Amino acid sequence: MIKVEDVYFTYPSGIEALKGISLTIKDGEFIAIMGQNGAGKTTLIKQFNGLLKPTKGEILVDDVNTKNTSVAKLAQNVGFVFQNPDNQLFCETVEEEVAFALKNFGFKETTLKKRVTWALNLLGLTEYRKTSPFMLSGGERKRVALASVLAWNPKVVVMDEPTIGQDYQQKEKLRQFIIQLNMQGKTVVVVTHDVEFVADCNPRVILMSQGKIVADDIGKRVLTDIDRLTQASIVPPQITQIFMGLTDFGLPVDVIDIYKAREILQKRLGEK
Amino acid sequence: MPVIEAKGLTYTYPNSTRPAIQEVSLKIEKGEFVILTGPSGCGKTTLCRCFNGLIPHFYQGELEGEIQVVGLNVADRPIHELALHVGLVFQNPENQLFALSVEKDVAFGLENLGVPREEMRKQVNWALETAGIYDLRERAPHELSGGQQQRVAIASIIAMRPDIMVLDEPTSFLDPFGAKKIFEVIDELNKSLGMTVILVEHRLDLAARHANHVIIMDEGKVVLDGEPRTVLGSQKARLLGVGIPKATRLYQILEEENGLSTDRTPVTSEEMIKLLQEVLKP
Amino acid sequence: MSVFDGLKFRRVTSPIHLLDPRIKFLYVCSIFVVAIIFWELLPLIILFLVQIPFVLLARVQKEWIRSLRGAAFLATIIFGTNIIFRFLYAGYTLTLQDIEYASAMTLRFVVLVESFSIFFLTTSPDHLGLALEQSHVPYEFCFAFTTAVRFVPVLADEAQTIMDAQKARGLELEKGNFLKRIRNYIPILIPLIISAIRRSLELAEAMESRAWGAIEKRTNLYVLQIRRADYLLTLISILIIIVCIYIRFYVPVPSFSDFWGL
């Protein structure tokens with residue numbers, strides 16, 4: 001469980017990036033943190049594994065205060081998948097790459113080997129075990145980065161903008177993978193500005209703007225709240241936009257899902 | 001005469017066994033706004049580089065078939081000559097800006113061409129104004145947001161007044177707000193200056209409304225090529241896993257299952273709203 | 001590191017900032033020459049004080065003082081070394097002249113650091129690049145210089161991001177003995193180097209796409225023009241050298257120990 005208690009954060013340069021953030025993330029939740037570039041999303045998630053410490057207020061991860069805990073210690077429970085895999089790949093083989101964190105955390109050799117095999121398998125990378133990560137395509141490198149985080153089986157998995165540069169199929173696969181992770185009991189936090197992706201996932205959505213939380217509710221309610229969305233400079237999903245143009249016909253507005261849209265429209269067309 | 005014409009274009013990168021693009025044939029007319037899309041690895045980035053000569057001159061490798069840009073054979077002309085007609089904006093905003101101030105970056109291409117200073121100053125100012133960044137002209141690139149940097153890149157290309165502007169996933173690193181602004185700038189250039197635009201994009205929900213020609217590639221080949229509504233509304237596009245706009249997808253479902261029909265397949269939410277308003281009228 | 005702060009350009013409009021970098025460099029060279037000519041304390045103090053109006057005019061006092069603090073460490077070492085050697089060579093005695101000499105050597109170092117500091121604080125990297133270009137340094141070098149400066153903040157940010165990413169995988173940079181600590185930096189350096197290589201490839205593509213190499217004689221959006229203030233500074237620099245050479249050869253320079261009659 002992650003508890004954020006009235007957290008403020010100011011960068012050394014003087015920019016106040018978080019202005020009084022309070023929220024609780026329970027075990028096993030699936031959360032999307034959304035907002036424009038500069039809203040404070042990345043600053044907030046970096047507080048979860050201690051990369052940044054609050055200037056005011058506190059963060060408790062499983063009742064451990066992050067202020068005096070090292071990143072290495074917090075990272076064992078909070079795994080972070082960064083936006084650009086090339087910011088972390090450095091080993092000669094994919095296998096070593098995936099084992100890196102396990103070595104740092106002091107896993108025993110036998111457990112380490114098992115975990116590496118499991119992680120490679122999970123992400124479909126077994127055939128690349130002995131390949132250099134630099135020989136792989138962009139999408140494959142992203143999977144190596146993901147495998148290297150899942151290998152140590154953290155309770156919480158945080159992903160920073162995982163959909164950047166991905167085509168539709170890749171996003172679909174990712175979406176299904178995230179849902180699978182969540183169903184296995186992991187807490188998943190995804191930072192993104194991709195509204196359509198979030199609409200397809202329908203998680204709890206936390207909307208941020210200028211260092212504050214402007215909305216925190218289930219996806220269906222946040223993504224259809226036009227005032228809050230405008231505040232955060234987010235455009236609603238296309239399905240929602242369509243229903244917002246059909247209010248004269250007495251149709252509901254809180255629709256984000258294409259299948260729900262179909263259901264409602266087909267019923268209405270059938271009534272005609 | 002088409003402004004770009006390719007016939008049976010096939011290219012293999014050096015040290016590669018499979019061709020990145022195969023037997024690509026297409027025609028692009030002057031003033032078109034083309035969207036080039038397809039799953040990752042389909043060859044769209046490779047094709048872009050064939051338009052301005054990076055392939056074959058920068059990348060070497062084997063190029064077969066023919067590609068003509070404004071009547072010039074790409075394989076026979078040096079990149080700096082083709083640069084007068086085709087500008088290329090890349091995906092990563094940071095790695096295409098080299099100078100320490102915005103206006104010096106915009107002037108870069110003109111400096112390379114030996115344009116005299118007064119003339120250059122006029123062109124630079126025009127480009128800055130057109131891209132909406134005149135007030136940023138003395139700033140350093142590192143101080144700018146991704147969206148602003150991309151507008152600088154666009155300004156530096158249009159300063160050279162090319163006939164064609166190619167943009168390779170220019171909004172990948174931008175948020176939807178920044179992306180929309182870029183599409184608006186490009187659309188303005190296309191509509192008011194008549195510049196031919198070729199945009200490689202995955203975000204069809206935001207970009208489709210501007211296009212009048214869509215080309216979809218898969219595994220190195222062109223599989224769909226035509227009018228946006230036809231291409232995006234087709235079964236094939238959906239099966240390829242291309243991210244067709246949700247409005248189009250909803251229309252497809254209602255067309256299949258409820259017999260909804262129209263001669264203008266919607267590609268934007270506005271169009272779908274209009275369509276449904278007509279259909280749902282009592 | 002505060003000494004580096006003294007070398008970073010500060011963007012401010014001041015008459016010093018507007019001076020041609022080549023002329024500023026000429027001035028710094030003249031200070032350099034004078035500092036070498038004299039080993040007496042008095043002229044070096046005067047030389048140091050002469051810098052101050054320039055610093056104030058350029059409004060870079062804060063940064064300049066910071067660089068002074070940065071130079072303090074090395075200055076102390078120079079002073080200490082000089083005292084020790086004088087002490088040892090003069091048979092374990094220390095005269096006021098020795099102290100004066102050591103102070104002069106220290107001050108000479110400080111004067112040199114400070115004049116260069118003013119130069120870099122008031123000259124933007126692109127002006128520097130332009131000065132190089134107009135001094136007929138081949139364009140490839142000028143371009144490499146300005147591009148490198150342009151990417152310094154980008155690389156710094158990237159290094160920070162890479163460190164964050166590896167720390168989040170349990171890397172503890174501070175742990176272990178000296179050797180282990182050096183090895184800890186491999187996961188930081190390799191991604192940084194590879195990214196630099198990738199970046200240069202993308203930059204090369206972008207350059208080619210903007211007609212790099214189209215014509216031998218490139219033109220330039222900016223041009224450095226020598227103005228009245230530049231002529232004035234040139235005059236001042238030349239005068240300083242002439243006067244000081246004259247003083248060196250024909251005017252006895254008083255020293256403090258003489259003055260105090262010891």
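This is a predicted model: local features need pLDDT of at least 70, side-chain atom pairs count only at pLDDT 80 or more; totals for chains, interfaces and linings use all residues.
Helix α1 of chain B is followed by Gly53(B), whose phi is positive, near 95°. Helices here are DSSP runs of H or I of at least four residues, strands are runs of E of at least two, and both are numbered from the N terminus. Residues are numbered from 1 along each chain as its sequence is written, while chains are lettered from A and ligands numbered from 1 in the order in which they are written.

Let us stay with this helix. Is α1(B) enclosed by the rest of the structure or open? Helix α1(B), residues 44-51, has 7 of its 8 residues buried, so the rest of the structure largely encloses it. A residue is called buried if 20 or more other C-beta atoms, placed from the backbone, lie within 10 Å of its own. Among the buried residues are Leu47(B), Cys48(B) and Phe51(B), and also Lys44(B) and Arg49(B).

What does the helix lie across? Helix α1(B) lies across β1, β2 and β4 of chain B and runs at about 120° to β1(B). Such angles run from 0 to 180 degrees between N-to-C directions, with axes fitted as lines to C-alpha atoms, for helices over the stretch in contact.

These strands belong to an open sheet of 4 strands in chain B, ordered β2-β1-β4-β5, with antiparallel pairing. Two strands pair if DSSP finds at least two bridges between them. At the edges stand β2 (21-28) and β5 (72-73) of chain B, each with a single partner strand, so one side of each has no neighbour in the sheet. Strand β1(B), residues 4-12, pairs with β4(B), residues 62-69, over 7 bridges in the antiparallel sense. Within this region, Thr12(B) stands opposite Glu62(B) in β4(B).

I turn now to the two chains together. Their contact takes 30 residues from chain A and 29 residues from chain B, where two residues are in contact if their C-beta atoms, placed from the backbone, lie within 7 Å. On the side of chain B that touches chain A, α7 (176-193), α11 (246-258) and α12 (269-280) of chain B each supply at least two residues. Which helix gives the most to that side? Helix α11(B) does, with 8 residues.

Terms used: A residue is buried if 20 or more other C-beta atoms lie within 10 Å of its own, exposed if 12 or fewer, and partly exposed in between; C-beta atoms are placed from the backbone.
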